[in-house]
Amino acid sequence: MHDSSGHITSRTFVRKPLSKELLEFPTHRHPRIELGLDLSAGVFVGGGSIEGTAQISVDDAERIRHRKTLDIARISIDLLGMEEMGGNRRHVFLNLATELVDDDHPPPQHMVYDQTPIGPKDTFWHLVPSVTKLAFSLSLPLNVGPPPFYSKNARIRYTLCASLLIRDRGKQYIVRTSEDVTVLSVYDPEKALMSLPSPLTASDEWIRTRETTLDIIRVTAGLHRQVWVSGTSIYVDVHIANNSQKMIKKIELQLERDILCYKHAAASTMEKSAGQARIFDDNERSILSKSTVKQGTAGWHGVPAQHTHVRTCDLELPRGHATVKCGKYFEVRYFLNVVVGSAHTRLVTVQLPIVLIHMNSLDVVPNSVAQVAMAIEEKRTTHTIQGGHSPHRLGHKRSQSIQGRAFAAPRLQSLGRMQAHARDLQELREILDRSPRKHAIRREEADWDYHTPPSNRKGRVVDDGDAAELQDRLRRVRSNETIGSRQHTLMRGNSSKSQRAESALGFREAEVRDDMELASIGLSGEEPFKQRLERSRSRQYQFIKKRSVERWKGVASSGVGWLKGHNGGGKDEREREDWV
């Protein structure tokens, strides 16, 4: 059965309870039916699917020997994950299944005489001599369990079984074939190889007492992360403090594997297992690989007496090894041993626990990248499993995420930083747009307004006379409050000082009288201040001063407020007069 895109529709479910017949009889044969499995790959990973075809061949012996027709009722595919120990001890931790033929899905038309069952209660179909290939697909969870493992006394294996339920001469038979497959769990690349918050370190020391001194050799080894991929190299920092009379001439790295076997099953609560609280019955220890750095090789010249040295050493890990978490009967652990010694003596040994994972648990096979990326994305965004209960069906929903997102972590992290920077700039831009300083203050109902003075575009230099003239004009521009708050005592019509200025300077009498009226602007409140100011300005333009007035620059400070400068001033000067 296929969907619109051409992919095989998966109807995977967890089979409960487990059929012990699959364990006891993994193979059943029938003389008239041949059953086989053809898989699409040799390695399958969690989050993907196991795809292949079941090949069913029915011979034509009934037409030759007049035998009765065979009947078929069910075709199923099962995946078993088993933990086995010597002494016929066996535990199934995974059992996924899919039905190719059942009550709701009849066999293909060319495989039977009629796709209608024999009877309403007899859900069998008559088989015809044929060769049929039925495609199947088993969806896998991301964490399928421990990786395959084989040793002398313990092993973990995954078995794919195809079973047919047939009827011959009124008796029901099972036809079954089984095949071991490699199934690996998948780890999120963004988290699996993440560095530890602080280094994983181990320290030990060698002490020897002399007559007057104490010799101490202290060794510290550290790892920046605990998870490593089999088939690659592991790097460890080694710190040696040699406070002795000996010469350190050798550093040796070892990969140790320990298989811990348990005699009794683990106790557990409803929340978690207490398997780590057991005492192992047997420990099978072995050294898988070694690497030695000697004095005078690889750019290392040893550690002399009373010296300290730090070096990064590496060890190549063999392929195909992976840590097996504690199960019902055994577990597999790996350790990195760092041995420091003299030429022929081992002085100090430290041990660091490590976790090995299979290469394809991170580097997913090409035909499963899209499915695994979708499964990882769905695990991040949705939590469909609550309380540790497994779902009845394990089908992958369609995801809107980009395929392969989990395998482009560095690029996505860089993209995230760029997007965060863009968001910060956008937020700053919005704050500036809302700032009141960006917009001018507008007063629509006010009866007055501001005018910007003309610019000094020509770069005109203001001399002393012009400066005094500008100061005089600005001094006369006052508000109502400022003028009203002062007590004007300048009554030029009655003061003797004003009369003396008239006769001494030689001005006309009309000019002096007009200046007296200008001084009394702030004392009369009959007209608005603006009108009075405009009238006074119009009066002062009635008189044109001669250029000889430059000799009387200081006169403006004595109270003659209408004294003006050059009549032939430029355009900029006239503009400055208008803005007041």
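A residue is called buried under 20% relative accessible area, exposed over 50%, and partly exposed in between (1.4 Å probe, protein chains only). Both F149 and F330 are buried by this rule. The model is predicted, so local features need pLDDT of at least 70 and side-chain atom pairs count only at pLDDT 80 or more, while totals for chains, interfaces and linings use all residues. Residues are numbered from 1 along each chain as its sequence is written, and side-chain values use heavy atoms, with hydrogens and water left out.

Strand pairing is described around β20. Helices (H or I, at least four residues) and strands (E, at least two) are DSSP runs, numbered from the N terminus. Two strands pair if DSSP finds at least two bridges between them. Strand β20 covers residues 346-357 and pairs with β14 (residues 227-229) in the parallel sense, over three bridges. Here W228 stands opposite L356 of β20. Strand β19 (residues 330-341) runs antiparallel to β20, and eight bridges join the two. A hairpin is formed by β19 and β20, with four residues between them.

Aromatic contacts come next. Rings of Phe, Tyr and Trp (its six-membered ring) pair if their centres lie within 6.5 Å; planes under 30 degrees apart count as stacked, over 60 as edge-to-face and the rest as tilted. The structure holds two such pairs. The ring centres of F93 and Y158 are 5.8 Å apart and the planes stand at 85°, so this pair is edge-to-face. F93 belongs to strand β6 (residues 89-101) and Y158 to strand β10 (residues 154-168), so the contact ties together parts 65 residues apart in sequence. F93 is partly exposed, at 28% relative accessible area. Y158 is buried, at 0%. The rings of F149 and F330 have centres 6.1 Å apart and planes at 35°, so the pair is tilted. F149 lies in strand β9 (residues 149-150) and F330 in strand β19, so parts 181 residues apart in sequence are tied together.

Charges also meet rings. A charge sits over a ring if NZ of Lys or CZ of Arg is within 6 Å of the ring centre and within 35 degrees of the ring normal. The charged end of R167 lies over the ring of F124, 4.2 Å from its centre. R278 places its charged end over the ring of Y262, 4.1 Å from the centre.

A salt bridge is a side-chain nitrogen of Lys or Arg within 4 Å of a carboxyl oxygen of Asp or Glu. The count comes to 15 salt bridges. One of them joins D59 and R32 at 3.3 Å, N to O. D59 lies in the loop between β4 (49-58) and α2 (61-65), and R32 in the loop between α1 (20-24) and β2 (33-39), so the pair ties together parts 27 residues apart in sequence. D59 is partly exposed, at 27%, whereas R32 is buried, at 3%. E99 and R74 meet at 4.0 Å, N to O. This pair links E99 in strand β6 with R74 in strand β5 (residues 71-85), 25 residues apart. E99 is buried, at 11%, and R74 is partly exposed, at 31%. R285 and D258 form a salt bridge at 3.6 Å, N to O. R285 lies in strand β17 (residues 282-294) and D258 in strand β16 (residues 250-261), so parts 27 residues apart in sequence are tied together. R285 is exposed, at 54%, but D258 is buried, at 7%. A network of salt bridges links E84, R90, R155, R157 and D180.
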